Amino acid sequence: MIRFDNVTKTYPKQNRPALRDVSLEIEKGEFVFLVGSSGSGKSTFLRLILREERTDTGLVHVLGKDLNRLSNWKVPHMRRQLGTVFQDFRLLPNKTVAQNVAFALEVIGKPRGTIRKTVPEVLDLVGLAGKEDRMPGELSGGEQQRVAIARAFVNRPMLLIADEPTGNLDPQTSVGIMRLLDRINRTGTTVVMATHDQNIVDQMRKRVIELEKGRLVRDQSRGVYGYQH
Amino acid sequence: MRLQFFLSEIGVGLRRNLTMTFAVIISVALSLALAGGALLANKQVDSMKGYWYDKVQVTVYMCNKSDATSTPSCAKGAVTDDQKKAILADLKKLPIVEKVYFETAEGAYKNYEQQFKNSPMAASITPDQMQENYRVKLKDPTKFTVIASAFQGRPGVQSVEDQRAVLKNLFSLLGGMTKAAYVVLAFMLTVAMLLIINTVRVSAFSRRRETGIMRLVGASSFYIQMPFIMEAAFAGLVGAAVACVMLLGGRYFMIDAGLKLQDKIPLVSFLGWDSVVQVLPLVLLIGFLMPATAAFIALRRYLRV
């Protein structure tokens with residue numbers, strides 16, 4: 001699903017690489033936590049998967065494709081097989097809940113009939129049935145994140161990338177979001193989630209990948225947030 | 001869905017940037033009106049050249065009675081019939097002469113009267129002040145000097161006049177105006193292009209949230225860029241339509257009403273409506289393509305995948 005081979009990435013005008021010689025593999029259907037302090041390289045890791053950045057050296061394979069050799073015009077098609085969720089939700093404030101989800105399908109040219117059918121389905125799945133016509137501003141943070149997850153999942157992606165999806169939510173709400181992500185994972189979708197939320201990582205007992213100053217320092221199945229010696 | 005989606009995106013973009021949209025419309029309208037105007041001025045000069053150069057005549061004026069005192073070349077008095085015959089024979093002998101018309105003093109007076117009927121000049125001239133003349137059509141209108149050197153100073157000839165010399169000033173004036181229009185046009189087009197590029201950038205920036213999401217969910221560059229390109233093209237098309245109205249109005253007010261050039265300069269055959277209408281599709285096409293291209297260039301650097 002995802003394979004990193006000796007990946008190093010340095011941003012322009014920076015001395016220290018954001019990622020240094022990272023190699024790992026994530027299998028289909030896995031649920032992986034990506035942990036590490038700010039500046040440890042988590043975001044770079046995710047940006048490489050989304051092909052927002054390219055590696056300096058080393059290879060990144062996503063869904064069987066070598067992203068370094070993927071031409072620009074094929075990138076959109078690759079991204080249609082990924083779903084992305086962010087800490088700040090990134091909803092369109094002037095569109096309703098249903099329109100926000102439909103937008104993701106409209107802009108990839110899906111026919112109207114498909115959109116009409118799939119949008120209510122996915123809203124039902126994330127627990128927002130009956131709130132189709134609300135504006136994002138009228139929803140709680142947790143509900144907004146559910147809209148974002150619905151938008152990311154409406155295309156039934158193979159892989160869901162979540163960058164601190166609970167970063168703006170209270171613990172109670174976060175648990176609800178995690179349940180939802182877990183449910184999505186159970187449908188066969190691989191989930192990679194960067195997080196700072198210790199409680200969540202410790203409770204879920206999933207695979208944990210820890211980065212520190214750009215290096216891979218821990219890769220533990222059924223792990224916890226940090227070593228607690 | 002797609003079309004509806006595009007249209008609503010375009011509408012939102014145009015409304016959000018209303019002032020910039022107006023700036024684009026106005027600058028496109030002005031530059032295209034200027035472009036069309038310059039094009040038409042060129043056509044006008046060409047058509048006038050065609051009109052006059054076909055009919056151009058070197059005129060050989062004969063001496064009349066009153067010239068005997070006022071013009072040195074006619075000191076021997078009015079032209080005689082023998083002299084006239086000899087001049088006509090010699091003119092016809094020249095290989096470059098295509099045709100020779102004879103105009104009597106009365107005929108010349110009538111033409112003059114007709115041409116300047118609205119002018120006080122007509123009243124001050126009497127028929128006996130007009131010269132009899134030969135109007136000569138040349139095979140090659142530029143060979144005026146051959147006639148001039150052959151007949152200037154010949155007994156009975158008052159003067160030889162190149163009709164084209166009269167028009168040369170008019171043509172150089174029109175030519176100069178056209179060139180000036182092209183220079184202004186170049187600046188206007190640059191301003192329009194820069195404005196469009198800037199407008200598109202502002203538009204793309206104000207919608208970076210949307211375009212960011214579009215990139216994330218895997219929209220192709222076509223889907224992401226097309227609303228911006230169509231936005232610019234639409235504004236350009238409106239500008240081009242305004243330019244068309246300006247061209248049609250310009251012809252009406254300069255030639256038919258307002259300045260009434262047709263009445264003031266009856267000698268000139270001005271461009272008809274058909275010539276103006278012929279230019280309009282070109283104006284519309286440029287008005288559509290230029291902003292679309294400018295937008296495309298602006299987005300290439302701004303909206304990468």
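A crossing is called left-handed if the near helix is turned anticlockwise from the far one by less than a right angle, and right-handed if clockwise. In this predicted model, α5(A) passes α6(A) in a right-handed crossing. Helices here are DSSP runs of H or I with at least four residues, numbered from the N terminus.

On conventions, this is a predicted model where local features need pLDDT of at least 70 and side-chain atom pairs count only at pLDDT 80 or more, while totals for chains, interfaces and linings use all residues. Residues are numbered from 1 along each chain as its sequence is written, chains are lettered from A and ligands numbered from 1 in the order in which they are written, and side-chain values use heavy atoms, without hydrogens and water.

Now the α5–α6 pair. α6(A) covers residues 171-186, and its axis lies 10 Å from that of α5(A), at an angle of about 15°; axes are lines fitted to C-alpha atoms over the stretch in contact, with angles from 0 to 180 degrees between N-to-C directions. The two are therefore roughly parallel (under 35 degrees). From α5(A), the contact (heavy atoms within 4.5 Å) takes A:G142, A:Q145, A:R146, A:I149 and A:F153. α6(A) supplies A:T173, A:G176, A:I177, A:L180, A:L181 and A:I184.

Next, α3(A), residues 97-106. Its axis comes within 8 Å of that of α5(A), residues 141-153, and the two cross at roughly 30°. That makes this pair roughly parallel too, and the crossing of α3(A) and α5(A) is right-handed. On the α3(A) side are A:V97, A:N100, A:V101 and A:A104, which meet A:V147, A:A150 and A:R151 of α5(A).

Definitions and conventions
Angles under 35 degrees count as roughly parallel, over 145 as roughly antiparallel, 65 to 115 as roughly perpendicular and the rest as oblique.
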